[in-house]
Amino acid sequence: HNSESCLFPIKGAAIHKNKNGSNKAIEIYKKILKKYPLDYQSKWLLNLAYMTIDEYPSGVPSDLLIPPSKFRNNTKMKPFTNKASEYGIAINKLSGASIFDDFDNDGDPDLLCSSWSIDDQLEYFENDNGKMQNRTNQALLSSLYGGLNMKQADYNNDGFLDVFIIRGAWRRDVSLGIYPNSLLRNNGDGTFTDVTIESGLYHIGASQAATWVDVNNDGFIDLFVANESIPNKPNEWKRCNLYINNSNGQFTDYAPNLGVDYIGYLKGVTASDYDNDGDMDIYITNLIGDNFFAHNLLKETGTLAFEERAKTTKTNEPEKAFPCWFFDYNNDGYDDLFVSAYDDFIGVGQTAAVAKSYMGIPFDSEIPRLYLNNRDNTFSNKTIEAKLNLPLHTMGCNYGDLNNDGYDDFYLGTGAPDFRTVVPNRLFINNNGNNFEDATFDANVGSIQKGHGVSLVDVDRDGDLDIYTVLGGAYSGDFFHNALYLNPGNKNSWIKIKLVGTTTNKSAIGSKVRIKYLTKYGSQHTVYKTVGSGSSFGANELQISAGLNDATEVLSIEVRWANGNTEYINYGSVPIKKLIVITEGISSP
C-alpha cells in the first residue's frame, strides 16, 4: 500500500508489482466481451486491469479502449496528496464513519473512526500538535464496536462534544441481527462514557441516519433518527424517532405525537431552517419510494408540530435516494438541497452506468437531485443545469469550500457491495453558484475503493479544507486503508468561525452566519454558512470554514443564532485568515 494506491486512473506507484491476477482478468474479460460486446461493466474492468499492469492505453485492443481523454478534467484544482499513513490514520477496515472535530477543546481536530462490522473496534485519535495519537484505550472506548455512521453534538451543553453511533444499517431481515445505537458522553477529561440506556436512547432497530437538531428552540439539541423498514414486512417495521432533549441528560421520543414517525427504507436525514422563519425543518430520504419533508410549524402556530411537505415543496424525488444535505450553494441566504441517488442498491449495473457516462453513452440509472430554494417554500430541480445529471451512486459524502472561492464544493464516496463495483469517488467544484465541474482527476482524489464516511476538515490548520474518507466495502475481505487527502491550497483568503451558544444550543448547530467581505478590486461579496456536521453520511468539523476568494477585508460577520430569532446580529469587522470565536450574548469576538 502507498499514497497512490487505487487512485484512478491507475498510474505511477499504483501499478501492480504482481501482475498475475490482472493478466488473468484481462483474458477472462476479453472472452466475455467477445460474446457480449455491449457489456460495459466488463469493458470498464478490462481497461482498469490494463491500467494496473501499466499497459493502458497502448495495450488495450482499440475496439475495447475507453480513451484517456474521457478521464481528464478542466479545472484549476491542483493534486491533493494522501497523507493518511504519515498521520497514522490509514485505518484498514470495512466501511464505516468518521468524525473529525475538537473533542478535547485544545484547538486541533481529533478523529473518531468506526466500522460497520460488529467485530471492528471504534478508534479514537487525539491531535497532539499535528500528530495523531491513538487514545482509544485511554478514552475508555475499547469496548465499543460497530457503527456505520456517527454524529457529534454537545447534547448536555457542558462544552464538550458527545457522539451518537448509529448501527444496524442494511440488515433488511431480523434474522441478520439487529443492533442498538449508542450515545457517548464526553467527560471532558479525555474519556467517554456510554450513557445510551440512562439517556433514554436505547433502541434496537436498523439505521444509519440521524441528525442533531433543536426543533423546539429551547437551547438543548434534540435528535432525529431515521430507521430502515421493508414495505412488505409490517411486523418488522421500525418507525422514525424524534428524541426531545429533556435538558437533564435524558430524551423522550415524541415522533408519534408530532407526526414524524415515518416508515420507509430510510437512508439519510438532514435539517435546516430552509424558509428562514426561525425553526428547524427535517428532510428524510427513502431508498424505496418518496422522500419526506417534515416542515416545522412552531413559528407559524406557536406549537411544536410538523406537516409533511415533500410533494408540495417538490422535493420527493429521487425515489431511490440515499445521502442528502442542505447547503446554500448560490449564496442567496436560503438553503438549497442536494439528494443523491443509489439506484439498484445491490450493485448490479452501477459500473456499467458509470462507464457509459464517461464514454458519453446514455445510461439507465437514477440520478441525484440538486434543488434550488425558490424562497417561497418550494424548490426547483436544477440538476441538469448544474451538470450533475450523472450516475453518482453515493454513500458517504460531504461538502465544503475546498478552493476557498466562497462557494461550497462536495466530495462523493461511491460504490456498492458488489466486488465489481470499482468506480472513482468524485469531487465537484462549485462554479460561482451556477453549476458544478468534475475535478476528480485534477485533484487526484478518485479512489476506486468504496467510499463511506467523509469529513472535510482543516487538519493541518493551514486555512484550507482537507478530505478524510473511510474506504472499504461491506463484505469480509473488502477492506481498505482510509485516506487523508491534504489540500495543496491556493492564494485565496479564508476565515474560521467557532460559535458558542448560550441560549442557543452550546454547539450552535443550525445557526447561520453571513460574512460580508471586500475584494482587492473594491467589490463587495457575501458568503452564507450554517453550523453543522454536513451531509447525512459524514461528519465535518462544526467550526465554520469559509473561503473568501480574493478578499482583503472582512467588513462584517453577522450571526442568526438558532434560538428562534430571525434577525442577524452584527459582530463587526474582523481580520482575514484567522480563527474567530463568537459567544452568544457577548458583543464582540
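Student: What distance separates the centres of domain 2 and domain 3?

Tutor: This is a predicted model, in which local features need pLDDT of at least 70 and side-chain atom pairs count only at pLDDT 80 or more, while totals for chains, interfaces and linings use all residues. Residues are numbered from 1 along each chain as its sequence is written, and side-chain values use heavy atoms, with hydrogens and water left out. The chain is divided into domain 1 (12–70), domain 2 (81–486) and domain 3 (493–583), with bounds from an automatic or database domain assignment. Taken over C-alpha atoms, the centres of domain 2 and domain 3 are separated by 22 Å.

Student: What area is buried between domain 2 and domain 3?

Tutor: Contact here means heavy atoms within 4.5 Å, and 63 residues of domain 2 are in contact with 37 residues of domain 3. Buried area is the accessible area (1.4 Å probe) that two parts lose on being put together, summed over both. Carbon and sulfur atoms give 44% of the area between domain 2 and domain 3, the whole being about 3,600 Å².

Student: Which three residues supply more than any other three of the area that domain 2 buries against domain 3?

Tutor: The share of this leading trio is 13% of the area that domain 2 buries against domain 3. The residues are Lys151, Asn331 and Asn404.

Student: How many residue pairs are in polar contact between domain 2 and domain 3?

Tutor: Salt bridges, each a side-chain nitrogen of Lys or Arg within 4 Å of a carboxyl oxygen of Asp or Glu, number 5 between domain 2 and domain 3. Arg461 forms a salt bridge with Glu541, with the closest N and O atoms 2.8 Å apart. A polar contact is a pair of N or O atoms within 3.5 Å; within protein, one must be able to donate a hydrogen and the other to accept it, and residues adjacent in sequence count only if both atoms are side-chain atoms. With both residues at pLDDT 80 or more, the count between domain 2 and domain 3 is 32.

Student: Which element gives the largest share of the side of domain 2 that touches domain 3?

Tutor: Helices (H or I, at least four residues) and strands (E, at least two) are DSSP runs, numbered from the N terminus. Elements giving two or more residues to this side of domain 2 include strand S3 (98–101), strand S7 (149–153) and strand S29 (451–457). The largest share, 6 residues, comes from S29.

Student: Which residue in S35 is the bridge partner of Arg514?

Tutor: Strand S34 (residues 512–519) is joined by 8 bridges to strand S37 (residues 551–560), where Arg514 stands opposite Glu558. A further 7 bridges join S34 to S35, which run antiparallel. In S35, the partner of Arg514 is Tyr528.

Definitions and conventions: Pairing = 2+ DSSP bridges.
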